[in-house]
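Here are a few notes to read alongside the model. Have a look at the structure first, then go through the points in order.

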Amino acid sequence: MADQARSVGWREVLIVAAVAVVAVLAVQVVATLVPPIGDLVRATPIVVIGLVAVTVIVLWRIAAPRPPEP
């Protein structure tokens with residue numbers, strides 16, 4: 001059997017999605033427990049900016065060419 005480059009599969013997609021959901025829920029819990037942080041989160045689109053930044057990083061890593069394997 002020939003070696004094939006491993007592609008992104010359902011497992012990796014579900015892991016990234018689960019991490020995103022946990023991150024948003026964690027921010028919500030912290031914002032609820034610490035009022036000044038809650039005020040900051042409500043006053044600015046910090047969560048949206050964070051999610052967009054992480055999405056760009058993940059997509060860039062997926063699309064970036066990989067060096068040939070020896």
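Which residues form a nonpolar patch on the surface?

1. The patch is made by Val29, Val30, Leu33, Val34 and Ile37, and together they have about 410 Å² of accessible area. Keep in mind that this is a predicted model. If you want to know where to look, start with helix α1, residues 10-33: this helix gives the most to the patch, with three residues.

2. Leu33 is a handy member of the patch to pick out. You'll find Leu33 in helix α1. Its relative accessibility is 66%, so Leu33 counts as exposed, given that the cut-off for exposed is over 50%.

3. Next, see how α1 sits against helix α2, which covers residues 35-43. The two axes come within 5 Å and cross at roughly 125 degrees. That angle falls between the 115 and 145 limits, so α1 and α2 are oblique to each other. On the α1 side, the contact is made by Val27, Val30, Ala31 and Leu33; α2 brings Pro35, Ile37, Gly38 and Val41. Val30, Leu33 and Ile37 turn up here as well as in the surface patch.

4. Val24 is also worth a look. This residue lies in helix α1 too, but Val24 is partly exposed, because its relative accessible area is 35%. Setting aside neighbours within four places in sequence, Val24 is in contact with Val47 and Leu51. Val24 and Val47 are 23 residues apart along the chain, yet their C-alpha atoms are separated by 7.4 Å.

Conventions. Residues are numbered from 1 along each chain as its sequence is written. This is a predicted model: local features need pLDDT of at least 70, side-chain atom pairs count only at pLDDT 80 or more; totals for chains, interfaces and linings use all residues. Side-chain values use heavy atoms; hydrogens and water are left out. Patches are made of residues with over 30% relative accessible area and no salt bridge: like charges are joined within 9 Å, nonpolar side chains (Val, Leu, Ile, Met, Phe, Trp, Tyr) within 5 Å. Accessible areas come from the Shrake-Rupley method with a 1.4 Å probe; for residues, only the protein chains shown count as cover. A salt bridge is a side-chain nitrogen of Lys or Arg within 4 Å of a carboxyl oxygen of Asp or Glu. Helices (H or I, at least four residues) and strands (E, at least two) are DSSP runs, numbered from the N terminus. Buried means under 20% relative accessible area, exposed over 50%, partly exposed in between (1.4 Å probe, protein chains only). Contact means heavy atoms within 4.5 Å. Axes are lines fitted to C-alpha atoms, for helices over the stretch in contact, and angles run from 0 to 180 degrees between N-to-C directions. Angles under 35 degrees count as roughly parallel, over 145 as roughly antiparallel, 65 to 115 as roughly perpendicular and the rest as oblique.
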